[in-house]
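Trainee: I would like to learn how to read the features of a model like this one. Please take me through it step by step.

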Amino acid sequence: MANDLILKDVHKNLNTLLESKAEALPKDLNKTRFLQNCMTVLQDTKGIEKCNSISVARTMLKGAFLGLDFLNKECYAIPYGNSLQFQTDYKGEVKLAKKYSINPIRDIYAKLVREGDVFADKIENGLQVINFEPIPFNDGAIKGAFAVCYYEDGSMIYETMSLKELEHIRNTYSKQKNGQAWINSTGEMYKKTVLRRLCKNISLDFDSIEQRQVFEDSSDFEVKEKAKAKSILDNADEVEYQIVEEELPDSLQEASND
Amino acid sequence: MTDFIPTKDNYFSQEASRIYCGASQLKQFVQCEAQAMAQLMGEYQAEQTESMLQGSYVHAWAEGTLDKFIEEHPEIMLKKGGLKESFKTCETIIDTVKNDNALMSIINQCQKERIYIGEIFGVPFKIKVDLLNVDKGYFADLKVMKSITEQSWSDEYKRKVNFIIAWKHDWQMAIYMEILRQNFGKLLIPNIIALSKEKVPDKALITFATEDEKSLETFREITLNEMEPHILRVKELKEGAEPVRCEKCDYCKSTKQIKEPVFWLDL
């Protein structure tokens with residue numbers, strides 16, 4: 001019941017937002033279809049009843065700014081406590097790169113490299129070449145991932161990351177390193193990670209400031225420096241060896257006299 | 001709430017465990033509901049491993065009750081006298097702590113083994129805090145383990161994880177933080193003093209807070225959210241719901257009756 005009420009509110013709020021932000025939305029966005037798809041996805045989103053309806057509508061609007069479809073899993077709305085987080089999927093990232101690259105893209109993709117697959121990158125006659133021969137239906141352990149982008153003018157750029165690098169990015173910069181996305185779709189998140197890195201070298205020309213902002217925010221990776229661990233040791237130094245209430249056991253007495 | 005108040009003497013009693021949930025109990029229920037319930041009913045007793053006893057040895061030292069501990073556990077001594085090899089390791093671990101000014105300072109300025117009660121999602125909880133310093137705003141738990149840095153495979157996360165995630169110590173920290181919040185009206189910083197049983201023991205002071213002022217509140221909220229369904233399930237089970245067997249733990253194996261075959265590919 002609570003679910004229905006919040007969804008009704010979200011529908012109203014999102015509709016209003018889509019009207020008021022019409023200028024910043026992609027020209028080819030079908031608002032009615034987008035709204036319908038959002039509601040279908042939200043109905044099945046666990047924990048949605050804990051979220052505030054206005055913030056839910058704002059999160060869904062981010063998908064609209066980028067022209068990504070929640071139902072087609074090009075992007076996700078993930079409840080996190082009482083807020084709803086927006087995240088793009090690998091599929092969405094490919095769509096955005098193809099649509100907004102200044103230098104037109106012929107093809108762009110990312111692949112996982114697993115145990116036993118052959119992957120080589122080299123320069124042949126001055127040209128960058130990558131060669132990938134995966135074992136069919138390989139279920140082996142993931143060793144790394146690469147992403148490659150072929151432009152229509154024949155040039156190409158690519159990026160590779162080892163498993164260690166991918167895990168380092170996940171552990172250091174991800175906002176939800178143990179969130180649903182990373183746990184249930186680890187491979188897809190690896191592909192998204194390497195693709196994001198590749199996209200840094202592709203000049204994207206977004207239609208609006210809102211689009212660029214949402215794109216920057218939706219990576220799941222926080223660029224800002226990691227918060228420093230809070231130490232209790234400074235406190236400990238201030239009152240060295242002060243004993244609270246209980247008597248110091250003999251074994252400790254010896255040690256503190258050392 | 002109930003009239004039963006857990007104390008040092010009855011903390012691990014069956015009655016205390018039936019009335020109050022605790023961090024370890026919650027983890028047991030998540031591992032296997034049937035085993036956890038059998039333990040609560042006194043129908044099954046999990047074996048106390050040497051590894052657990054090693055942890056208790058170091059705890060007893062920190063609490064200042066090592067002599068009593070040795071008296072109560074003759075099995076840690078050799079027949080010809082002296083400590084068994086595995087408990088000599090504990091002595092090496094204790095020396096490692098003694099040689100560290102920061103850790104000694106924390107141990108010395110904290111209250112030891114304090115017991116508190118509270119309620120989480122309507123379920124009564126009991127906690128026993130190894131080291132507590134309310135004035136300075138923190139508490140700490142001593143953990144003795146094989147290795148601090150080694151990661152182990154987790155079926156749940158489908159990757160290798162550190163010992164805190166593997167053993168759900170983050171749950172324990174969040175439970176302690178919440179019960180202490182209910183008792184003292186503020187969020188205390190959770191810390192783990194990790195000590196390894198390696199030949200040359202490693203040590204670490206691990207915190208769950210960052211300089212970001214919201215970090216404690218976020219940690220509490222996210223972890224409580226994660227635990228909510230499991231805590232509510234414990235409530236149901238204690239109120240009489242049928243426990244689910246995992247068919248993998250020692251209890252399930254020891255009480256198993258074959259009812260149907262398993263298809264070979266389902267193994």
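Mentor: Start with burial: a residue is buried under 20% relative accessible area, exposed over 50% and partly exposed in between, with a 1.4 Å probe and protein chains only. In chain A, buried residues make up 43% of the 258 residues. This is a predicted model, in which local features need pLDDT of at least 70 and side-chain atom pairs count only at pLDDT 80 or more, while totals for chains, interfaces and linings use all residues. Residues are numbered from 1 along each chain as its sequence is written, chains are lettered from A and ligands numbered from 1 in the order in which they are written, and side-chain values use heavy atoms, with hydrogens and water left out.

Trainee: How many helices and strands does the secondary structure of chain A have?

Mentor: Both are DSSP runs numbered from the N terminus: helices are H or I with at least four residues, strands are E with at least two. Chain A has 10 helices and 7 strands.

Trainee: Which strands form the open sheet in chain A, and in what order?

Mentor: Two strands pair if DSSP finds at least two bridges between them. The order in chain A is S3-S6-S7, with antiparallel pairing. Strands S3 (105–114) and S7 (156–162) are the edges, each pairing on one side only. Between S6 (residues 142–151) and S7 of chain A there are 7 bridges, and A:Cys149 stands opposite A:Ile157 in S7(A).

Trainee: What is the pairing in the open sheet of chain B?

Mentor: The pairing there is mixed, over 5 strands in the order S1-S2-S3-S6-S7. S1 (111–120) and S7 (203–207) of chain B each have a single partner strand, so one side of each lacks a neighbour in the sheet. S3 (residues 138–145) and S6 (residues 189–196) of chain B run parallel, joined by 8 bridges; B:Tyr138 stands opposite B:Ile189 in S6(B).

Trainee: At what angle do helices H2 and H10 of chain B pack?

Mentor: Axes are lines fitted to C-alpha atoms, for helices over the stretch in contact, and angles run from 0 to 180 degrees between N-to-C directions. H2 (residues 23–31) and H10 (residues 215–238) of chain B pack at about 85 degrees, their axes 10 Å apart. H2(B) is therefore roughly perpendicular to H10(B), a label for 65 to 115 degrees. Contact means heavy atoms within 4.5 Å, and the residues making it include B:Phe29 of H2(B) and B:Ile231 of H10(B).

Technical notes. Parallel < 35°, antiparallel > 145°, perpendicular 65-115°, else oblique.
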